[in-house]
Amino acid sequence: MQLPEKFIEKYQRLLGDEAPTFLASFDQPSQSGFRVNPLKAAPQATIDQAAGKVPYVPTGYYGGVDGRSLDHVTGAIYSQEPSAMYVGEVVDPQPGERVLDLCAAPGGKTTHLVAKMHDQGLLVANEIFRKRAKVLAENLERWGTTSTVVMNESPADLEEQFPQFFDRILVDAPCSGEGMFRKEPAGIEYWNPDYPAECANRQRKILASAMKMLKPGGILVYSTCTFAPEEDEQNLAWLLQNYPDLKTVPVKKYPGMDDGRPEWADNNPAIRDAVRLFPHHIKGEGHFIAKLQNGDLVSVEAAAPAKRHRNKKKRRQQRPSLDKQDQAEFTAVRDVLLPDYQPNRLVTFGDQLYALPKEMPADLAGMTILRPGLHLGTFKKNRFEPALAWALATDPAACSRVLELSHDQWRQYVHGDVVTIDSPKQNGWYFLACDGHTTGFGKLVGTTIKNFYPKGLRF
Ligand SMILES: C[S@@+](CC[C@H](N)C(=O)[O-])C[C@H]1O[C@@H](n2cnc3c(N)ncnc32)[C@H](O)[C@@H]1O
(Lines give C-alpha, C1' and ligand atoms only; values in the text may rest on other atoms or scores of the structure.)
Protein backbone atom coordinates (compact mmCIF):
# COMPACT_ATOMS: atom_id res chain seq x y z
CA MET A 1 0.00 0.00 0.00
CA GLN A 2 1.31 3.44 -0.96
CA LEU A 3 1.43 5.44 2.30
CA PRO A 4 2.26 9.19 2.38
CA GLU A 5 5.95 9.83 3.02
CA LYS A 6 5.18 12.13 5.99
CA PHE A 7 2.95 9.45 7.51
CA ILE A 8 5.78 6.91 7.31
CA GLU A 9 8.27 9.37 8.83
CA LYS A 10 5.87 10.23 11.66
CA TYR A 11 5.36 6.63 12.75
CA GLN A 12 9.05 5.77 12.32
CA ARG A 13 9.74 8.59 14.78
CA LEU A 14 6.97 7.51 17.21
CA LEU A 15 7.42 3.73 17.06
CA GLY A 16 11.18 3.40 16.53
CA ASP A 17 12.19 -0.28 16.22
CA GLU A 18 8.55 -1.35 15.92
CA ALA A 19 7.89 0.85 12.89
CA PRO A 20 8.83 -1.71 10.19
CA THR A 21 6.33 -4.34 11.46
CA PHE A 22 3.69 -1.64 11.96
CA LEU A 23 4.17 -0.33 8.42
CA ALA A 24 4.28 -3.86 6.98
CA SER A 25 0.82 -4.54 8.47
CA PHE A 26 -0.67 -2.14 5.88
CA ASP A 27 0.16 -4.71 3.21
CA GLN A 28 -1.74 -7.47 5.00
CA PRO A 29 -5.42 -8.02 4.16
CA SER A 30 -7.92 -6.30 6.47
CA GLN A 31 -9.65 -8.49 9.03
CA SER A 32 -13.41 -8.93 8.71
CA GLY A 33 -15.80 -10.03 11.41
CA PHE A 34 -19.40 -10.10 12.53
CA ARG A 35 -21.41 -10.00 15.72
CA VAL A 36 -24.40 -12.18 16.48
CA ASN A 37 -27.62 -10.51 17.66
CA PRO A 38 -28.52 -12.02 21.04
CA LEU A 39 -32.01 -10.49 20.76
CA LYS A 40 -32.80 -12.94 17.93
CA ALA A 41 -32.60 -16.66 17.15
CA ALA A 42 -29.03 -17.91 16.63
CA PRO A 43 -27.84 -17.48 13.00
CA GLN A 44 -26.35 -20.96 12.89
CA ALA A 45 -25.65 -21.00 9.14
CA THR A 46 -23.38 -17.94 9.42
CA ILE A 47 -21.76 -19.07 12.68
CA ASP A 48 -20.89 -22.42 11.05
CA GLN A 49 -18.89 -20.58 8.38
CA ALA A 50 -17.00 -18.30 10.81
CA ALA A 51 -13.22 -18.40 11.01
CA GLY A 52 -13.24 -18.55 14.82
CA LYS A 53 -14.41 -16.53 17.82
CA VAL A 54 -13.15 -13.08 18.77
CA PRO A 55 -11.69 -13.74 22.24
CA TYR A 56 -12.69 -10.41 23.78
CA VAL A 57 -16.30 -10.16 22.48
CA PRO A 58 -18.74 -12.92 23.52
CA THR A 59 -20.92 -12.33 20.44
CA GLY A 60 -18.03 -11.70 18.02
CA TYR A 61 -16.65 -13.91 15.21
CA TYR A 62 -13.97 -13.60 12.55
CA GLY A 63 -15.13 -13.96 8.97
CA GLY A 64 -17.15 -12.30 6.24
CA VAL A 65 -20.88 -11.94 5.88
CA ASP A 66 -23.16 -12.25 2.87
CA GLY A 67 -25.19 -9.02 2.85
CA ARG A 68 -28.06 -10.79 1.08
CA SER A 69 -28.26 -13.76 3.41
CA LEU A 70 -31.33 -14.38 5.54
CA ASP A 71 -29.23 -13.89 8.70
CA HIS A 72 -28.07 -10.46 7.58
CA VAL A 73 -31.35 -9.23 6.11
CA THR A 74 -33.29 -10.19 9.25
CA GLY A 75 -30.72 -8.56 11.56
CA ALA A 76 -29.45 -11.73 13.20
CA ILE A 77 -25.87 -10.60 12.52
CA TYR A 78 -24.00 -7.33 11.98
CA SER A 79 -20.84 -7.11 9.94
CA GLN A 80 -18.13 -5.34 11.98
CA GLU A 81 -14.36 -5.63 12.04
CA PRO A 82 -13.07 -7.21 15.27
CA SER A 83 -11.24 -4.21 16.82
CA ALA A 84 -14.32 -2.00 16.50
CA MET A 85 -16.24 -4.63 18.43
CA TYR A 86 -14.20 -4.01 21.53
CA VAL A 87 -15.69 -0.51 21.91
CA GLY A 88 -19.15 -1.85 22.87
CA GLU A 89 -17.56 -4.19 25.40
CA VAL A 90 -15.69 -1.29 26.98
CA VAL A 91 -18.83 0.88 27.17
CA ASP A 92 -20.55 -2.09 28.85
CA PRO A 93 -24.02 -0.50 29.11
CA GLN A 94 -26.49 -2.14 31.48
CA PRO A 95 -30.19 -2.93 30.93
CA GLY A 96 -32.38 -0.01 32.02
CA GLU A 97 -29.72 2.70 31.66
CA ARG A 98 -29.93 5.87 29.59
CA VAL A 99 -27.21 5.67 26.98
CA LEU A 100 -26.14 8.06 24.21
CA ASP A 101 -24.23 7.05 21.09
CA LEU A 102 -23.36 10.54 19.90
CA CYS A 103 -21.68 9.78 16.53
CA ALA A 104 -23.62 6.67 15.69
CA ALA A 105 -23.93 6.05 11.91
CA PRO A 106 -23.94 3.52 10.38
CA GLY A 107 -24.71 1.82 13.69
CA GLY A 108 -22.08 -0.84 14.36
CA LYS A 109 -21.55 0.26 17.95
CA THR A 110 -25.23 1.14 18.50
CA THR A 111 -26.38 -2.37 17.62
CA HIS A 112 -23.78 -3.74 20.04
CA LEU A 113 -24.82 -1.37 22.84
CA VAL A 114 -28.52 -2.16 22.54
CA ALA A 115 -27.79 -5.89 22.57
CA LYS A 116 -25.75 -5.52 25.75
CA MET A 117 -28.67 -3.57 27.28
CA HIS A 118 -31.02 -6.47 26.39
CA ASP A 119 -33.02 -3.76 24.59
CA GLN A 120 -34.08 -2.32 27.98
CA GLY A 121 -33.74 1.33 28.98
CA LEU A 122 -33.10 4.11 26.49
CA LEU A 123 -30.48 4.30 23.78
CA VAL A 124 -30.32 7.58 21.86
CA ALA A 125 -28.42 7.03 18.61
CA ASN A 126 -27.47 10.36 17.07
CA GLU A 127 -25.91 11.19 13.71
CA ILE A 128 -25.21 14.69 12.45
CA PHE A 129 -25.62 13.93 8.71
CA ARG A 130 -29.15 13.21 7.55
CA LYS A 131 -28.27 10.65 4.89
CA ARG A 132 -26.11 8.70 7.29
CA ALA A 133 -28.80 8.97 9.99
CA LYS A 134 -31.21 7.24 7.59
CA VAL A 135 -28.79 4.35 7.10
CA LEU A 136 -28.42 4.18 10.88
CA ALA A 137 -32.21 3.99 11.28
CA GLU A 138 -32.42 1.18 8.69
CA ASN A 139 -29.67 -0.83 10.35
CA LEU A 140 -31.34 -0.46 13.74
CA GLU A 141 -34.71 -1.51 12.33
CA ARG A 142 -33.12 -4.66 11.01
CA TRP A 143 -31.51 -5.31 14.38
CA GLY A 144 -35.00 -5.21 15.92
CA THR A 145 -34.75 -2.74 18.78
CA THR A 146 -37.62 -1.16 20.72
CA SER A 147 -35.57 0.97 23.12
CA THR A 148 -33.66 3.08 20.57
CA VAL A 149 -34.41 6.59 19.37
CA VAL A 150 -32.62 7.81 16.24
CA MET A 151 -31.83 11.52 16.19
CA ASN A 152 -30.23 13.78 13.61
CA GLU A 153 -28.72 16.68 15.57
CA SER A 154 -25.38 18.35 15.96
CA PRO A 155 -23.81 17.56 19.34
CA ALA A 156 -24.17 21.27 20.26
CA ASP A 157 -27.95 21.18 19.64
CA LEU A 158 -28.36 17.87 21.40
CA GLU A 159 -26.70 19.14 24.58
CA GLU A 160 -29.57 21.60 25.03
CA GLN A 161 -32.09 18.76 25.02
CA PHE A 162 -30.40 16.39 27.45
CA PRO A 163 -28.43 18.21 30.18
CA GLN A 164 -26.81 15.69 32.56
CA PHE A 165 -29.21 13.05 31.30
CA PHE A 166 -27.16 10.00 30.35
CA ASP A 167 -25.59 7.24 32.45
CA ARG A 168 -23.18 6.43 29.63
CA ILE A 169 -22.06 8.24 26.52
CA LEU A 170 -20.05 6.88 23.64
CA VAL A 171 -18.16 9.35 21.45
CA ASP A 172 -16.94 7.21 18.54
CA ALA A 173 -15.48 10.26 16.94
CA PRO A 174 -15.08 11.26 13.29
CA CYS A 175 -11.30 10.96 12.90
CA SER A 176 -8.47 10.81 10.39
CA GLY A 177 -9.22 7.10 9.97
CA GLU A 178 -5.59 5.93 9.80
CA GLY A 179 -6.56 2.63 11.44
CA MET A 180 -8.93 1.88 8.54
CA PHE A 181 -6.52 2.63 5.68
CA ARG A 182 -6.19 -1.00 4.66
CA LYS A 183 -9.97 -1.55 4.84
CA GLU A 184 -10.83 1.75 3.12
CA PRO A 185 -7.73 2.86 1.17
CA ALA A 186 -9.59 5.91 -0.21
CA GLY A 187 -9.12 7.45 3.25
CA ILE A 188 -5.42 7.95 2.48
CA GLU A 189 -6.31 10.68 -0.02
CA TYR A 190 -7.68 12.92 2.76
CA TRP A 191 -4.57 12.53 4.88
CA ASN A 192 -2.02 15.31 5.24
CA PRO A 193 0.29 16.05 8.18
CA ASP A 194 -2.15 18.67 9.59
CA TYR A 195 -5.26 16.53 9.25
CA PRO A 196 -5.02 14.79 12.68
CA ALA A 197 -4.79 18.17 14.44
CA GLU A 198 -7.85 19.43 12.53
CA CYS A 199 -9.78 16.31 13.52
CA ALA A 200 -8.63 16.69 17.13
CA ASN A 201 -10.16 20.19 17.28
CA ARG A 202 -13.50 18.91 16.05
CA GLN A 203 -13.33 15.98 18.47
CA ARG A 204 -12.80 18.35 21.41
CA LYS A 205 -15.97 20.26 20.52
CA ILE A 206 -17.91 17.00 20.37
CA LEU A 207 -16.43 15.88 23.69
CA ALA A 208 -17.36 19.21 25.32
CA SER A 209 -21.00 18.65 24.27
CA ALA A 210 -20.89 15.08 25.52
CA MET A 211 -19.65 16.26 28.91
CA LYS A 212 -22.71 18.51 29.28
CA MET A 213 -25.00 15.53 28.76
CA LEU A 214 -23.20 13.16 31.14
CA LYS A 215 -24.75 12.52 34.55
CA PRO A 216 -22.62 12.95 37.65
CA GLY A 217 -20.89 9.62 38.11
CA GLY A 218 -21.64 8.72 34.47
CA ILE A 219 -19.28 6.91 32.09
CA LEU A 220 -17.79 8.47 28.97
CA VAL A 221 -16.09 6.30 26.37
CA TYR A 222 -14.02 8.01 23.70
CA SER A 223 -12.89 5.99 20.71
CA THR A 224 -11.25 6.59 17.35
CA CYS A 225 -10.03 4.43 14.50
CA THR A 226 -6.77 6.32 14.10
CA PHE A 227 -3.21 5.92 15.35
CA ALA A 228 -2.67 9.69 15.61
CA PRO A 229 -1.66 10.75 19.15
CA GLU A 230 -3.19 14.19 18.51
CA GLU A 231 -6.64 12.55 18.33
CA ASP A 232 -5.98 9.81 20.88
CA GLU A 233 -3.70 10.36 23.89
CA GLN A 234 -3.62 14.14 23.44
CA ASN A 235 -7.41 14.38 23.50
CA LEU A 236 -7.55 12.14 26.55
CA ALA A 237 -5.00 14.45 28.21
CA TRP A 238 -7.12 17.45 27.19
CA LEU A 239 -10.21 15.88 28.80
CA LEU A 240 -8.35 15.18 32.05
CA GLN A 241 -6.92 18.72 32.13
CA ASN A 242 -10.21 20.47 31.37
CA TYR A 243 -12.58 18.31 33.42
CA PRO A 244 -10.73 17.70 36.68
CA ASP A 245 -13.62 15.57 38.02
CA LEU A 246 -13.12 13.04 35.23
CA LYS A 247 -11.05 9.99 36.10
CA THR A 248 -9.84 7.28 33.74
CA VAL A 249 -11.19 3.77 34.22
CA PRO A 250 -8.63 1.08 33.31
CA VAL A 251 -9.66 -0.78 30.17
CA LYS A 252 -9.09 -4.54 30.38
CA LYS A 253 -6.24 -5.54 28.04
CA TYR A 254 -6.46 -8.91 26.30
CA PRO A 255 -3.34 -10.46 24.73
CA GLY A 256 -2.17 -8.26 21.87
CA MET A 257 -3.77 -5.07 23.23
CA ASP A 258 -1.50 -2.15 24.15
CA ASP A 259 -1.64 0.58 26.81
CA GLY A 260 -2.21 4.20 25.85
CA ARG A 261 1.10 6.09 25.53
CA PRO A 262 1.51 8.90 28.12
CA GLU A 263 4.74 9.99 26.39
CA TRP A 264 2.75 10.86 23.25
CA ALA A 265 0.78 13.45 25.27
CA ASP A 266 1.54 15.21 28.58
CA ASN A 267 3.09 12.20 30.37
CA ASN A 268 0.02 11.77 32.62
CA PRO A 269 0.35 8.11 33.72
CA ALA A 270 -3.48 7.76 33.72
CA ILE A 271 -3.27 7.67 29.91
CA ARG A 272 -1.95 4.12 30.23
CA ASP A 273 -5.50 3.09 31.26
CA ALA A 274 -6.65 3.58 27.65
CA VAL A 275 -6.19 0.84 25.08
CA ARG A 276 -4.58 0.82 21.65
CA LEU A 277 -5.34 -1.91 19.14
CA PHE A 278 -2.55 -2.13 16.61
CA PRO A 279 -2.98 -4.35 13.52
CA HIS A 280 0.55 -5.72 13.90
CA HIS A 281 -0.34 -6.96 17.42
CA ILE A 282 -3.95 -8.11 17.04
CA LYS A 283 -6.28 -9.65 14.42
CA GLY A 284 -8.13 -6.44 13.60
CA GLU A 285 -7.81 -2.85 12.40
CA GLY A 286 -6.41 0.14 14.32
CA HIS A 287 -8.39 1.55 17.25
CA PHE A 288 -7.99 3.66 20.39
CA ILE A 289 -10.43 3.48 23.31
CA ALA A 290 -10.46 5.48 26.56
CA LYS A 291 -12.97 5.06 29.38
CA LEU A 292 -13.64 7.79 31.93
CA GLN A 293 -15.95 8.31 34.87
CA ASN A 294 -17.49 11.65 35.81
CA GLY A 295 -17.23 13.01 39.35
CA ASP A 296 -20.25 12.64 41.64
CA LEU A 297 -20.70 16.38 42.27
CA VAL A 298 -22.97 18.45 40.06
CA SER A 299 -21.61 21.82 39.07
CA VAL A 300 -24.12 24.69 39.16
CA GLU A 301 -23.57 25.62 35.53
CA ALA A 302 -23.94 22.08 34.25
CA ALA A 303 -27.10 21.53 36.32
CA ALA A 304 -28.98 24.50 34.81
CA PRO A 305 -32.31 23.43 33.33
CA ALA A 306 -32.48 22.78 29.60
CA LYS A 307 -33.28 25.70 27.32
CA ARG A 308 -36.15 24.57 25.14
CA HIS A 309 -34.90 25.36 21.83
CA ARG A 310 -36.37 27.15 18.96
CA ASN A 311 -36.24 25.18 15.86
CA LYS A 312 -36.67 26.82 12.59
CA LYS A 313 -36.23 23.62 10.63
CA LYS A 314 -39.37 22.07 9.26
CA ARG A 315 -40.39 19.08 11.33
CA ARG A 316 -42.91 16.33 11.08
CA GLN A 317 -45.65 17.35 13.49
CA GLN A 318 -46.00 15.21 16.58
CA ARG A 319 -49.65 14.73 17.48
CA PRO A 320 -50.29 14.69 21.24
CA SER A 321 -52.22 11.41 21.26
CA LEU A 322 -54.07 9.00 18.99
CA ASP A 323 -57.62 9.86 18.10
CA LYS A 324 -60.31 7.24 18.60
CA GLN A 325 -60.32 6.07 15.01
CA ASP A 326 -56.52 5.65 14.89
CA GLN A 327 -56.62 3.77 18.16
CA ALA A 328 -59.33 1.44 16.85
CA GLU A 329 -57.52 0.81 13.56
CA PHE A 330 -54.23 0.00 15.31
CA THR A 331 -55.93 -2.17 17.95
CA ALA A 332 -57.75 -4.20 15.29
CA VAL A 333 -54.43 -5.16 13.66
CA ARG A 334 -52.63 -5.62 16.98
CA ASP A 335 -55.35 -7.94 18.30
CA VAL A 336 -54.99 -10.22 15.30
CA LEU A 337 -51.20 -10.28 15.13
CA LEU A 338 -49.94 -9.88 18.67
CA PRO A 339 -52.81 -9.60 21.18
CA ASP A 340 -50.54 -9.45 24.25
CA TYR A 341 -48.48 -6.55 22.93
CA GLN A 342 -48.83 -3.52 25.21
CA PRO A 343 -46.72 -0.67 23.85
CA ASN A 344 -45.46 1.73 26.43
CA ARG A 345 -46.38 5.08 24.86
CA LEU A 346 -47.85 5.52 21.40
CA VAL A 347 -47.09 8.61 19.40
CA THR A 348 -47.92 9.64 15.86
CA PHE A 349 -45.78 11.74 13.55
CA GLY A 350 -47.93 12.62 10.56
CA ASP A 351 -49.49 9.30 9.58
CA GLN A 352 -46.74 7.17 11.18
CA LEU A 353 -47.24 5.37 14.49
CA TYR A 354 -44.39 4.72 16.93
CA ALA A 355 -44.01 3.18 20.38
CA LEU A 356 -41.74 5.38 22.49
CA PRO A 357 -39.26 3.91 24.98
CA LYS A 358 -40.35 4.60 28.57
CA GLU A 359 -37.29 6.71 29.44
CA MET A 360 -37.67 9.07 26.48
CA PRO A 361 -38.87 12.55 27.50
CA ALA A 362 -42.53 13.02 26.53
CA ASP A 363 -42.04 16.45 24.98
CA LEU A 364 -40.30 15.89 21.67
CA ALA A 365 -40.88 19.42 20.36
CA GLY A 366 -37.78 20.95 18.82
CA MET A 367 -35.91 17.69 18.40
CA THR A 368 -34.90 16.32 15.00
CA ILE A 369 -35.95 12.74 15.40
CA LEU A 370 -35.85 10.17 12.63
CA ARG A 371 -37.23 7.31 14.73
CA PRO A 372 -38.79 8.16 18.09
CA GLY A 373 -38.85 4.47 19.01
CA LEU A 374 -40.27 1.37 17.38
CA HIS A 375 -42.03 2.10 14.08
CA LEU A 376 -45.32 0.22 14.31
CA GLY A 377 -46.93 1.24 11.05
CA THR A 378 -48.78 3.73 8.89
CA PHE A 379 -52.34 4.99 8.98
CA LYS A 380 -53.78 4.71 5.50
CA LYS A 381 -57.32 5.64 4.52
CA ASN A 382 -59.47 3.84 7.13
CA ARG A 383 -56.87 1.17 7.86
CA PHE A 384 -53.58 0.58 9.62
CA GLU A 385 -50.66 -1.04 7.81
CA PRO A 386 -47.99 -2.60 10.06
CA ALA A 387 -44.34 -1.65 9.41
CA LEU A 388 -41.38 -3.94 8.71
CA ALA A 389 -39.61 -2.62 11.84
CA TRP A 390 -42.36 -4.02 14.05
CA ALA A 391 -42.00 -7.46 12.49
CA LEU A 392 -38.20 -7.41 12.80
CA ALA A 393 -38.47 -6.51 16.50
CA THR A 394 -40.85 -9.38 17.26
CA ASP A 395 -39.99 -12.92 18.25
CA PRO A 396 -41.93 -15.28 15.94
CA ALA A 397 -42.66 -17.51 18.94
CA ALA A 398 -44.73 -14.68 20.46
CA CYS A 399 -46.86 -14.07 17.34
CA SER A 400 -50.34 -15.50 17.14
CA ARG A 401 -50.41 -15.43 13.35
CA VAL A 402 -47.31 -16.57 11.51
CA LEU A 403 -46.76 -17.99 8.07
CA GLU A 404 -43.55 -20.00 7.80
CA LEU A 405 -41.79 -19.37 4.48
CA SER A 406 -39.32 -21.75 2.88
CA HIS A 407 -35.98 -20.24 1.77
CA ASP A 408 -37.29 -20.09 -1.80
CA GLN A 409 -40.46 -18.31 -0.69
CA TRP A 410 -38.37 -15.89 1.39
CA ARG A 411 -36.32 -15.06 -1.72
CA GLN A 412 -39.53 -14.40 -3.66
CA TYR A 413 -40.75 -12.20 -0.81
CA VAL A 414 -37.62 -10.01 -0.59
CA HIS A 415 -37.65 -9.78 -4.39
CA GLY A 416 -41.14 -8.26 -4.17
CA ASP A 417 -42.97 -11.17 -5.82
CA VAL A 418 -46.32 -12.59 -4.89
CA VAL A 419 -45.88 -15.64 -2.65
CA THR A 420 -48.41 -18.45 -2.59
CA ILE A 421 -49.12 -21.10 0.03
CA ASP A 422 -50.52 -24.63 -0.54
CA SER A 423 -53.84 -24.49 1.31
CA PRO A 424 -55.96 -21.49 2.29
CA LYS A 425 -56.05 -20.15 5.85
CA GLN A 426 -57.99 -17.31 7.39
CA ASN A 427 -57.52 -14.15 5.33
CA GLY A 428 -55.76 -11.09 6.79
CA TRP A 429 -52.44 -9.94 8.25
CA TYR A 430 -49.69 -12.42 9.12
CA PHE A 431 -46.13 -12.19 10.39
CA LEU A 432 -43.88 -13.93 7.89
CA ALA A 433 -41.03 -16.03 9.26
CA CYS A 434 -38.21 -18.12 7.88
CA ASP A 435 -35.83 -20.34 9.88
CA GLY A 436 -36.90 -18.79 13.19
CA HIS A 437 -36.54 -15.16 12.03
CA THR A 438 -39.42 -12.78 11.41
CA THR A 439 -38.93 -11.25 7.99
CA GLY A 440 -41.90 -8.91 7.54
CA PHE A 441 -45.65 -8.80 7.10
CA GLY A 442 -47.96 -10.17 4.44
CA LYS A 443 -51.68 -10.03 3.89
CA LEU A 444 -53.21 -13.36 2.98
CA VAL A 445 -56.05 -13.59 0.48
CA GLY A 446 -56.93 -17.21 -0.23
CA THR A 447 -53.57 -18.84 -0.94
CA THR A 448 -51.84 -15.62 -2.03
CA ILE A 449 -49.65 -13.54 0.28
CA LYS A 450 -49.80 -9.88 -0.72
CA ASN A 451 -46.26 -8.55 -0.46
CA PHE A 452 -45.63 -5.63 1.91
CA TYR A 453 -41.81 -5.79 1.85
CA PRO A 454 -40.76 -2.14 1.34
CA LYS A 455 -40.01 -1.39 -2.31
CA GLY A 456 -36.72 0.37 -1.49
CA LEU A 457 -35.33 -2.75 0.22
CA ARG A 458 -36.23 -5.35 -2.40
CA PHE A 459 -33.42 -7.27 -4.06
C1 LIG B 1 -16.38 6.84 13.29
S2 LIG B 1 -17.87 7.30 12.59
C3 LIG B 1 -19.03 6.47 13.61
C4 LIG B 1 -19.13 5.00 13.39
C5 LIG B 1 -20.24 4.37 14.21
N6 LIG B 1 -20.10 4.67 15.60
C7 LIG B 1 -20.31 2.88 14.00
O8 LIG B 1 -19.78 2.14 14.82
O9 LIG B 1 -20.93 2.44 13.03
C10 LIG B 1 -18.08 8.95 13.09
C11 LIG B 1 -19.41 9.58 12.77
O12 LIG B 1 -19.36 10.96 13.21
C13 LIG B 1 -20.07 11.74 12.28
N14 LIG B 1 -19.62 13.16 12.35
C15 LIG B 1 -18.91 13.84 11.43
N16 LIG B 1 -18.72 15.11 11.84
C17 LIG B 1 -19.31 15.22 13.02
C18 LIG B 1 -19.46 16.30 13.96
N19 LIG B 1 -18.94 17.49 13.73
N20 LIG B 1 -20.16 16.06 15.07
C21 LIG B 1 -20.68 14.84 15.32
N22 LIG B 1 -20.56 13.79 14.49
C23 LIG B 1 -19.88 13.98 13.37
C24 LIG B 1 -19.81 11.09 10.95
O25 LIG B 1 -20.81 11.41 10.03
C26 LIG B 1 -19.75 9.61 11.31
O27 LIG B 1 -21.00 9.00 11.08
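Okay, a definition to start: two strands pair if DSSP finds at least two bridges between them. Helices here are DSSP runs of H or I with at least four residues, strands are runs of E with at least two, and both are numbered from the N terminus.

Quick housekeeping. This is a predicted model, where local features need pLDDT of at least 70 and side-chain atom pairs count only at pLDDT 80 or more, while totals for chains, interfaces and linings use all residues. Residues are numbered from 1 along each chain as its sequence is written.

So, the sheet. In S3, Ile77 is the bridge partner of Val36. That's part of the antiparallel pairing of strand S1 (residues 33-36) with S3, which runs over three bridges. Zoom out and you get an open, antiparallel sheet of three strands, ordered S2-S1-S3. At the edges sit strand S2 (60-62) and strand S3 (77-79), each pairing on one side only.

Next, the ligand. Which residues are closest to it? Among the 16 that surround it, those are Cys103, Gly108, Lys109, Asp172 and Pro174; being near here means a C-beta atom, placed from the backbone, within 6 Å. Helix H6 (108-116) and helix H9 (195-213) each put at least two residues into that shell. By class, the shell has nine nonpolar, two polar and five charged residues. For the classes, Ala, Val, Leu, Ile, Met, Phe, Trp, Tyr, Cys and Pro are nonpolar, Asp, Glu, Lys and Arg are charged, and the others, Gly among them, are polar.

Then Asp92, which isn't a glycine, has a positive phi near 50 degrees; look for Asp92 in the loop between helix H5 (82-91) and S4. Gln164 is another non-glycine with positive phi, about 45 degrees, in the loop between helix H8 (155-161) and strand S7 (166-172).

Last stop, the domains, with bounds from an automatic or database domain assignment. Domain 1 covers 318-357 + 372-392, and domain 2 covers 396-457. Their C-alpha centres are 20 Å apart. Nine residues of domain 1 contact 12 of domain 2, counting C-beta atoms, placed from the backbone, within 7 Å. Helix H12 (324-337) and helix H13 (388-392) each supply at least two residues of domain 1's side. And that side is nine nonpolar, no polar, no charged.

Technical notes:
Contact = placed C-beta atoms within 7 Å.
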